[in-house]
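Here is a short note for a colleague who is new to this structure. Please read it with the model open.

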Amino acid sequence: MFQHILIATDGSPLSQRAADTGIALAHSLGAKVHAFHAVMPFPAVAYFTEMLLASQAQYTEAALARAHQYLDDVRQRAKAAGVACEASFAVNAHPHEAIIASAREHHCDLIVMASHGRHGVESALLGSETHRTILYGDLPVLVCR
């Protein structure tokens with residue numbers, strides 16, 4: 001059935017539960033997993049160049065540290081379950097695009113990710129990367145809540 005499962009993570013507790021689901025599925029199928037995190041780029045809205053450069057460096061350092069932390073968490077969960085796991089991240093203002101591109105690049109045949117269950121105005125304003133991944137991707141997506 002599925003041989004290579006991409007697990008998209010944002011480090012949230014809901015995302016960790018989705019990772020556990022993806023890892024359990026991979027274990028039951030004898031599949032491997034690829035943990036992935038999309039890093040949002042620094043929002044360049046400031047008008048003082050010196051402040052922007054300092055803030056950008058600080059933001060980037062913190063964002064990359066979080067990415068490594070989130071991916072290490074999934075690696076540890078996979079290792080504990082006896083599931084092979086690789087991991088990567090990409091910087092992209094549109095996480096759904098990065099998730100889909102990573103799944104294609106690593107020849108994954110399923111994407112597992114969480115949905116925060118936003119509805120109404122909140123969903124319209126914040127959008128849903130899970131929904132966009134389903135709409136614009138060409139792979140099956142297992143959505144966990």
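The points below go from the sheet to the helices and then to the charged pairs.

1. **Basis.** This is a predicted model, so local features need pLDDT of at least 70, side-chain atom pairs count only at pLDDT 80 or more, and totals for chains, interfaces and linings use all residues. Residues are numbered from 1 along each chain as its sequence is written, and side-chain values use heavy atoms, with hydrogens and water left out.

2. **The sheet.** Five strands form an open sheet. Their order is β3-β2-β1-β4-β5, and the pairing is parallel. The edges are β3 (85–91) and β5 (141–144), each of which pairs on one side only. On average, neighbouring strands are turned by 20° against each other, direction ignored. Strands here are DSSP runs of E with at least two residues, helices are runs of H or I with at least four, and both are numbered from the N terminus. Two strands pair if DSSP finds at least two bridges between them. Strands of a sheet pair through backbone hydrogen bonds, either parallel or antiparallel.

3. **Bridges, strand by strand.** Seven bridges join β2 to β3. His-37 has Phe-89 of β3 as its bridge partner. Between β1 and β2 there are five bridges, and Ala-8 stands opposite Phe-36 in β2. Three bridges connect β1 (residues 4–8) with β4 (residues 110–114). There, Ile-7 is partnered by Val-112 of β4.

4. **How enclosed is β2?** Seven of its eight residues are buried, so β2 is largely enclosed by the rest of the structure. Buried means under 20% relative accessible area, exposed means over 50%, and partly exposed lies in between (1.4 Å probe, protein chains only).

5. **The crossover.** β1, helix α1 (residues 13–29) and β2 make a right-handed β-α-β unit. Right-handed means that, with the strands pointing away from the viewer, the path from the first strand over the helix to the second runs clockwise.

6. **Helices on the sheet.** Helix α5 (residues 129–136) lies across β4 and β5. Its direction is at about 160° to β4. Angles run from 0 to 180 degrees between N-to-C directions, with axes fitted as lines to C-alpha atoms, for helices over the stretch in contact. Contact means heavy atoms within 4.5 Å.

7. **Salt bridges.** How many salt bridges are there? The count comes to five. The rule asks for a side-chain nitrogen of Lys or Arg within 4 Å of a carboxyl oxygen of Asp or Glu. Side chains of opposite charge can pair when their charged atoms come close. Asp-20, Asp-73 and Arg-77 are linked in a network.

8. **Pairs within a helix.** Asp-72 and Arg-75 form a salt bridge, with their closest N and O atoms 2.3 Å apart. Both lie in helix α2 (residues 49–81), three residues apart, about one turn of the helix. Asp-72 is partly exposed at 33% relative accessibility, and Arg-75 is partly exposed at 32%. In helix α5, Glu-129 and Arg-132 are also three residues apart. Their side chains meet in a salt bridge at 3.0 Å, N to O. Glu-129 has a relative accessible area of 24%, and Arg-132 has 28%.

9. Arg-104 and Asp-138 meet in a salt bridge at 3.6 Å, N to O. The pair links distant parts of the chain, 34 residues apart: Arg-104 is in helix α3, and Asp-138 is in the loop between α5 and β5. Arg-104 is partly exposed at 46%, whereas Asp-138 is exposed at 58%.
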